[in-house]
Every structure is written in structure tokens, then in C-alpha cells.
Amino acid sequence: MYRVAKASEYLVITGVGITDIKLAKKAWILPGQSCSVFDLSPVNYTFEVQAMSAEKLPFILPAVFTIGPRVDNHDSLLKYAKLLSSHDKLSHHVKELVQGIIEGETRVLAASMTMEDVFRGTKSFKQEVFDKVQLELNQFGLLIYNANVKQLVDVVGHEYFSYLGQKTQMEAANQAKVDVAEARMKGEVGAKSREGQTLQNAARIDAETKIISTQRHGEGVKEEIKVKTEVKVFENEREAVVAEANSELAKKKAVWAQTAQVAEVEATKAVALREAELQREVERMNALTRTEKLKAEFLSKASVEYETKVQEANWELYKKQKAAEAILFEKEKEAEAQKALAEAAYFSRQQAAEAELFAKKKEAEGLVAIGQAQGVYLRTLLDALGGNYSNLRDYLMINNGMFQEIAKTNAEAIRGLEPKISIWTNGGNGSDVGGGMKDVANVYKMLPPLFNTVHEQTGMLPPAWMGTLSDKSS
């Protein structure tokens, strides 16, 4: 047969051809299959949950939960169809299931909170109960559509909320009395304060008026002095400009007068020169005339002598001019040579200074390189000697001939003296040491005084492998 579910219903089909269960709104029900219908409408559950706070104070929490199957999730519908669809939503079984979950989560949550927290944080308390209950209902495919927590109610014999309400009423009444008294006090104090402020403001305004009047008068005086000063400065500046213009005019007049006098003198000289030139030309023409006349008369013997002397005079003048030009040229060349020598000397000194600076830089770089090389050398020796600074010092003194220099210095110091020589023996009975070992023994006998002398003069002790000095003073 063909079955169709209503808008708020689902068909649950099991049987032949279906592995588990099948949910559908409409379907053919075949032979060997079973079909049931379950309603999706949510149902209201009203509870009065008895809980106890962290202070062991019991209270009643009236609540109304609207719960129904979760229709927006297919897996949740399958869970509901398997677990609860066979029971009526208003049945005692479903109600006990939902009530047990709500009461259990509410008691657990209330036990972790104080009564004050529960009373003041009703909204957050409701949300936490909602979240924890919903987490448990998910395994049955149920959804809380709405949850309302009513006013908390006292358990008989434990009137906490009643006493709390009375306390609040008394506090409100006392606060109202305090507020009335405080308002009356504020009114009286405010009136007196206003009167005092009025007198203070009037006095302050009078004082400020006098201060502003004095300031304005002082500003007026200052402005008047400032204007007079600026006028005086302007007059002085104008007088200075006029004096400067008069000075410039006087200078220009002097220059113009000097120029006029020079021009007048030049004109006079030019007239005189012109007259001299004309006179000379006249005389020359007269001389020519006489010369021609003498030539005509005496066949110009005198004219020939005169021309010879003129040519000689011109030649002398030409030689003197050339000699003067040669001397001038020589002086100019000498001056240029001296200038070139000075420039060459300056360039030479500059090059020498730069060369010396470069040499100093290179010398400094060489010293740095030598220092770095010596540091590497000493670091290598120190590593080779196992980090023993005493062995490194002894090696450097032996390698650099320090002991020889000390012995030489000591020899130079006692040269010409008659020192007392102490001879150390090995403590024997006077028998001679035979063979070539005698010289070796003598050398070893000389070492103690040498080490003692080095220790007294430098404070340095011999290496451990060569021997030690005994402290006789101790």
C-alpha cells in the first residue's frame, strides 16, 4: 500500500530490502515491511527542580522546556526514530527521561555555584543549564527549542529568598531615608554655596576688572612708547639715508670735478701737444725749405751731415728702446721663473707630505699586521704548550736570549770588581769526579747561583723541569 505522512510527521519503514530503518515522507509499503508514524511537534515539559547551592542551601527552580526531535539533522532523526518513536511524546517514560536529564545537570551546576551567584546570574545560569542539557539530549536526537527559568522559590523551612527580599526592602527604605536627608542637606548647602559663590564671583569680577583696566592702561602706555620709539627709529633711519645720499652725492661731485679737471688738463696738454706738433711741422718745413735752399746753393753738404746725425740719433733711440724692452722681457721671464719655482716647491712639499702620510699609514698597517701575526704566533705556541703561560714565558726568554742578556748585563755590572766567589760542592768527601763528567758537574754547580741571581733581579723562578729554589728565610 502507499502511505503519505502529514507535514509534521515522518514514516519509519523497516523490513524486507531495508538494512536498518528508512525515514520518508511518502513511500510504498511492500509485503514483508512494517511502517509506523512519529510526530515531530515539540512538547512543553514543566518541572520544579529541587537543587542545592555550594553553601548547602536548598531551593526550587521552576522551569519550562520546549523539546522535540531535531528536524534539521538526518542522523538525529534516525536516533529519535530508533529510541523514542515507539513511545508517545507525552508518555510517562519520555517525561521521566527528559526530567532526569534536566534535574541531574541542574543539580550538578547549582552545586558548583553560591546562592548569590545563582540569584544574580540567572541569565548565565539558565544558559549553562541549557547547554549541558542539550549536550545530553543530543544522544536521543532531541533539541531544546526554548527554555524558561522562572523565579527561584524557597524550600519550606529555608526562606533564603524571602529574607533576602526583606533585606532588600529594608535597605531600599533606609537608602530612601538617607537619600532624602542627603537631598535636604544638599539643598541647604547648595543655597549657602550659591550665595558664597555669588559674593566670590562678584569680588573676583571686580578684581579682574581692576586688573584688566590696569593691564589695558599699561598696554596703552607701552603702545605709545613703542610708537614713539618706532617714529624715532624711522627718523634716524631717514636721517641716515639722507646722510648717506649726501655722502654719495659729495663723492660723485668730487669724482665729477676730478674728471672735469683731468679732462681740462688733458685738453690743455692736447692743445699744447698739437701746437708743438704744428710748430715742429712748421720748423720742419722751414728746415726743409732752408735745406733745399742750401742744397741748391751749396749742393746740400750740411743737409747730408744733418740727415746722418738724425739717422744716428734715431738709431741710438731705437737701440735704447730695444734694450729697455729686452730688460723688461727679462724681468718678466724672471718673475715667471720665480713663480714656477715657488709652485714647484709647493708641489714638491705637498707630494713629500702626502708620501710621508702614506708611509705612516703603511707603517701603521705593517705594525697592525705584525701585531696580528705575533698574536697568532703566541696563540699557536700557547696551544702547543697546553695553555701553560709559564712554559710559554720560559720558551720566549730562552728563544730570545733573555738569559744571555741578563748574564751579559750582570757581567758588565761587575766588570773591574773583585767579587766574592762562592763554590758549591755536592757534599762529597773530597774525592775527584773522574772523566768528562767533572766539567758537567761544574756546570750544574754554577746553575744554583745563576737562578738565585735571576730570581733576585727579576722575581722569576726557573722552570720546574730545571729545578726549584729553596726558601731559606722560611
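Two strands pair if DSSP finds at least two bridges between them. Helices (H or I, at least four residues) and strands (E, at least two) are DSSP runs, numbered from the N terminus. The model is predicted: local features need pLDDT of at least 70, side-chain atom pairs count only at pLDDT 80 or more, and totals for chains, interfaces and linings use all residues. Residues are numbered from 1 along each chain as its sequence is written, and side-chain values use heavy atoms, leaving out hydrogens and water.

**Exercise 1.** Find the strands that pair with S7 and describe its burial.

*Solution.* Start with strand S6 (residues 43-52), which runs antiparallel to S7 over 10 bridges. Here Val-43 stands opposite Ile-67. Next, take strand S8 (residues 142-149), antiparallel to S7 over seven bridges; Val-64 has Asn-148 as its bridge partner there. Finally, check burial (under 20% relative accessible area; exposed is over 50%, partly exposed in between; 1.4 Å probe, protein chains only). In S7 (residues 58-69), 12 of 12 residues are buried.

**Exercise 2.** Which residues touch the most other members of the largest nonpolar core?

*Solution.* First, the term: such a core is a set of buried Ala, Val, Leu, Ile, Met, Phe, Trp, Tyr and Cys residues joined through side-chain atoms within 4.5 Å. Among 35 residues, the answer is Phe-65, Ile-67, Val-98, Ile-102 and Leu-142. Then look at the suppliers: S6, S7, S8 and helices H1 (74-83), H2 (92-111) and H4 (122-137) each give at least two residues. H2 provides the largest share, six residues.

**Exercise 3.** Is Glu-281 buried or partly exposed?

*Solution.* Locate Glu-281 in helix H5 (residues 160-298). Glu-281 counts as partly exposed because its relative accessibility is 36%.
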